[in-house]
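Please look over the chain below. The report that follows goes from its strands to its helices and cores.

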Amino acid sequence: MNSEEEEEEEEHESSDEFSDDYYNDYYDDDDDDEEEDEDEDEDEPTSQPIHFRECLRLLDAALTSSNPPILPRWCTSEHIDILEDPMLLINGHQKCLSLPMNKREVQRFIRHAEPFDMKIDMIDGISFLPTARQIPTNAFNILNPRWSTKVEPYLKRSCIGPALQLDPNQIQLKVSNLLLLEPCQFPRQFQWSTDQHPNTIAKLFLSLPSTYKGGKETIIHYKEKHVFDLSKMNTMKSSYCTIVPMSHECKHEIDFISQGYKLVLVYDIIPLTSTIFYNVDINEATLTRVSRVFETWINGLEHEYHGYSSKIILPFSDMFHMGHNPLLHGIDRVIGTILRRTIEQYHSEQFLLYQGIIQPNRANDGTVHACRLLTDLKLMITNSSTTMKTLFNKIDFCLGNCNETYSGNVFVRKTRSEQGQFVSFEQFNVPIWCIVPVTEKYNLLIDNIPRVIIHLEQNLLPHHQQHHTEIFLLIDWLLTTTKKINFNAKSLLHQLLRLSTDQSITHDFIMTIRQLLEHKKYQDHFFPMIQKQDYDDIIYLLKYSKDTKIQLYIHQVFRTVLKRRSRDSERIRDAIKFIGVLSTRNVDLTFLLVLIHELLSNVLKPTSPKLSITDLANLLALLSISIDSYETSCEKISQQIIQQIKITTTAMTISSTITNLLRTVLVPTLIQIYRQFVDINCFYRKRKRDSTTVNFPPWFLSLYQTCLSLLNAYCNSTPAIPTYDNLSTYCNCSICKQLFVFLQNSKLFEQTFLIPDDNIYHFNMSVNTFTPLFIITKSMTSDKTKHQIHIMKMSTYDEEIWRENNLLRSLLTHIPLSNYSDEDQFQMMKTMKRFKSSSS
């Protein structure tokens with residue numbers, strides 16, 4: 001087992017100990033002596049830093065220091081001072097309901113109401129008529145304008161908030177329905193499920209003034225039972241409210257009503273934030289104790305103590321399952337509040353607190369991997385910046401990419417059996433809290449790089465005046481993290497250039513650009529430059545960057561890329577193209593010469609790859625920028641070109657291939673080099689004021705003569721005259737027979753036909769069936785009875801090649817070389833007569 005595996009095993013063992021301590025502290029009552037020992041251990045000065053496992057043990061003890069903890073209430077029923085009349089108006093009625101309602105009002109209510117579905121409508125097999133009726137929220141209105149502005153805020157502030165320890169500012173009350181409970185002989189049971197109301201955490205039953213007897217309420221959650229008997233209160237002149245959590249496990253029972261009617265206005269309690277549950281009253285000493293543990297953790301990370309994790313993951317209690325209502329789990333509310341308030345009061349700028357889900361990572365075949373997934377991580381600290389909320393909220397990442405993460409064996413859970421003993425079971429999708437130091441926050445984004453780039457481009461860079469610090473911190477993480485991440489370095493450079501005009505961040509901008517140019521990902525994708533934007537970005541830096549060393553850094557990138565792939569001809573071709581593009585954009589000549597020197601040092605090595613004629617010619621054209629400086633290199637390259645031309649002409653019998661090389665590469669290169677010689681000669685002539693002729697070096701003359709000889713060989717050998725066979729199936733008229741004789745003659749290239757006017761249409765139809773033919777219509781005969789049709793047998797393809805070769809030869813022969821003979825000019829004029837008719 002290697003060191004990493006041993007370290008991982010130790011972390012898993014410590015996590016199991018941590019989980020056991022967590023639940024034992026929660027359920028065991030006799031641990032006062034243990035807490036005193038922990039306090040003594042914590043107060044003792046230590047010369048050596050404590051181990052991270054000890055830090056976790058101290059955190060576990062601090063979170064469960066109040067044992068048994070003072071848990072917040074999860075249900076309540078309280079008396080309320082007399083409220084205003086809501087002025088309830090049922091749709092279709094002319095008058096509001098008068099409270100308390102008399103029998104006539106009740107009958108009017110029942111006529112417009114619908115039965116309310118309850119759990120008990122049948123006892124001992126005997127069916128009963130429904131004894132509760134409702135009017136949905138869309139079938140009545142509250143006309144009192146002060147009800148929503150005064151009464152409902154009062155209910156949140158004075159009833160719901162204090163009773164359940166919820167922040168009233170994070171609660172929304174929404175009218176659900178209006179219930180009328182009639183007299184009955186058995187209790188009514190309600191079960192409020194979250195299936196139909198996924199955002200509702202509880203129901204608020206507001207009893208309006210009514211006349212009735214009975215109606216005792218009982219709320220049960222497993223073995224915990226709360227009974228609220230309000231029958232002795234004056235229900236005609238007062239109101240009271242009952243809060244029942246939304247849960248399948250929570251039962252709400254209203255005892256039978258012996259006489260009268262009970263009118264109830266039902267509200268949905270909807271949380272506005274996920275932190276609403278974590279507002280429990282906590283002892284300040286507990287917060288201080290947890291704060292000390294966090295300080296120890298931060299100190300260990302800052303000093304890079306061995307074994308210190310950059311994340312702490314705490315599972316919810318064993319009793320909490322996915323989909324449970326947090327109101328029913330006070331211990332989790334207590335611990336969540338401790339974590340939240342400790343960070344907000346003592347470490348608001350040092351930690352991020354998340355609530356999320358941990359689950360094992362499974363392959364497509366169902367195999368469980370060692371790494372775990374943290375999903376749906378919601379940021380719990382409310383005083384975070386906008387960047388925190390948008391970038392670091394609701395994220396997912398895999399713990400397999402974060403080897404230092406401490407998570408523990410959270411999937412092994414415990415529960416109490418009916419006999420009161422603990423039973424272990426395996427549970428997936430476990431709710432957790434995740435605590436992350438702010439200094440490690442970017443590692444949370446390791447699996448969300450596309451989201452990071454989008455956030456950078458759309459939210460940060462357009463407003464860089466306000467977020468420049470965050471921009472450079474984020475980019476620094478992208479460029480320095482040891483994790484394997486994937487991003488487009490060229491695109492990032494392009495986006496960063498938007499900051500170049502901001503004078504206030506010039507230094508940070510320069511350092512970031514340097515850092516990006518030195519990054520391996522940028523250098524790996526430097527070549528090939530496919531997009532025009534890639535060249536534009538480099539040229540912009542070379543021309544307008546305030547960095548005095550930008551040329552040095554780009555040269556370093558160029559050198560590194562060539563050295564890494566020195567035997568790759570594609571990289572050499574990309575480098576030639578790169579320098580060639582820069583040379584056309586008015587880049588500093590000295591810098592171009594440095595790049596050319598770097599390129600030649602790789603090309604002329606004995607181990608360098610063999611380049612094609614095209615690459616060699618382009619390189620030779622590139623050297624013409626300063627041809628005097630690279631005389632030896634030009635000679636070597638020209639010799640390689642001549643050698644490959646001989647090999648190519650020997651192996652290739654298709655003239656179009658050679659013509660293409662001459663047309664696209666060799667002739668333009670010769671002309672470009674010739675112009676460089678002429679320009680240099682003109683420059684010196686102006687200075688010396690003499691009229692000396694241009695002296696071309698031997699390597700140029702040799703390459704020139706090779707290309708010209710090749711063109712002469714192709715131009716002097718005309719294409720073969722095509723013939724046409726199998727003409728017996730065509731027309732047998734005299735005109736067509738004359739045409740067929742011409743087509744079958746392999747020695748006759750062109751002929752003029754005299755076609756009578758009445759047969760011209762038939763002749764044209766016959767000629768058009770044969771391709772390729774050049775047809776030239778001349779003037780009619782003097783008697784105006786016959787048409788003169790001149791036909792040449794040559795394909796368009798062959799003629800174009802021949803004409804291109806002649807044009808290229810003409811270009812070369814018009815270059816005035818001092819030692820050039822007239823022999824080639826004479827060769828060029830030979831055998832031209834046959835093609836004059838086609839151009840006339």
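A residue is called buried when its relative accessible area is under 20%, exposed when over 50%, and partly exposed in between (1.4 Å probe, protein chains only). Helices (H or I, at least four residues) and strands (E, at least two) are DSSP runs, numbered from the N terminus. The model is predicted, so local features need pLDDT of at least 70 and side-chain atom pairs count only at pLDDT 80 or more, while totals for chains, interfaces and linings use all residues. Residues are numbered from 1 along each chain as its sequence is written, and side-chain values use heavy atoms, with hydrogens and water left out.

## The chain as a whole

The chain has 26 helices and 27 strands. Buried residues account for 49% of its 840 residues. The chain exposes about 42,400 Å², and carbon and sulfur atoms supply 50% of that area. Accessible areas come from the Shrake-Rupley method with a 1.4 Å probe; for residues, only the protein chains shown count as cover. Contact means heavy atoms within 4.5 Å. Among contacts between residues at least 6 apart in sequence, 77% join residues at least 24 apart.

Start with β14 (residues 239-245). This strand is mostly covered, with 7 of its 7 residues buried. Both of its faces are covered. Ser-239, Cys-241, Ile-243 and Pro-245 are buried on one side. Tyr-240, Thr-242 and Val-244 are buried on the other.

Two strands pair if DSSP finds at least two bridges between them. Strand β10 (residues 202-207) pairs with β14. Within that pairing, Ala-202 stands opposite Pro-245, and Phe-205 stands opposite Thr-242.

Strand β10 is largely enclosed by the rest of the structure, because 6 of its 6 residues are buried. Ala-202, Leu-204 and Leu-206 point one way from β10. Lys-203, Phe-205 and Ser-207 point the other way, and these are buried too. Strand β10 also pairs with β17 (residues 262-271). There, Leu-206 stands opposite Leu-265.

The table lists strand pairings, including one from the sheet described next.

| Pair | Sense | Bridges |
|---|---|---|
| β1 (residues 76-80) and β14 | antiparallel | 5 bridges |
| β10 (residues 202-207) and β14 | antiparallel | 6 bridges |
| β10 and β17 (residues 262-271) | antiparallel | 6 bridges |
| β12 (residues 217-221) and β13 | antiparallel | 5 bridges |

## An open sheet

Four strands form an open sheet in the order β9-β15-β12-β13, with antiparallel pairing. Its edge strands are β9 (188-190) and β13 (224-228), each pairing on one side only. The twist averages 20° from one strand to the next. His-221 stands opposite Glu-224 in β13.

Does the length of α15 agree or disagree with what its residues should span? The expected span of a helix is 1.5 Å times one less than its number of residues. The 15 residues of α15 (residues 550-564) should span 21 Å, and the end C-alpha atoms are 21 Å apart, which agrees.

Buried residues of α15 include Ile-550, Tyr-553, Ile-554, Val-557, Phe-558 and Val-561. His-555 and Thr-560 are also buried. The buried residues of α15 pack against α12 (506-518), α13, α14 (532-544), α16 (569-583) and α17 (589-603).

Gln-523 sits in α13 (residues 520-524). It counts as buried because its relative accessibility is 8%. Not counting residues up to four places away in sequence, Gln-523 touches Leu-517, Glu-518, Val-557, Thr-560, Val-561 and Arg-564.

Gln-643 lies in α19 (residues 631-651). It counts as exposed because its relative accessibility is 51%. Its C-alpha atom is separated by 9.5 Å from that of Ile-613, 30 residues apart along the chain.

## Nonpolar cores

A nonpolar core is a set of buried Ala, Val, Leu, Ile, Met, Phe, Trp, Tyr and Cys residues joined through side-chain atoms within 4.5 Å. The largest holds 119 residues. Phe-578, Leu-599, Ile-641 and Phe-700 touch the most other members. A second, separate core of 72 residues includes Leu-178, Leu-265, Leu-327 and Val-334.

Leaving aside neighbours within four places in sequence, Phe-578 is in contact with Phe-526, Phe-527, Met-529, Tyr-535, Ile-538, Phe-558 and Leu-595.

Technical notes: Axes are lines fitted to C-alpha atoms, for helices over the stretch in contact, and angles run from 0 to 180 degrees between N-to-C directions.
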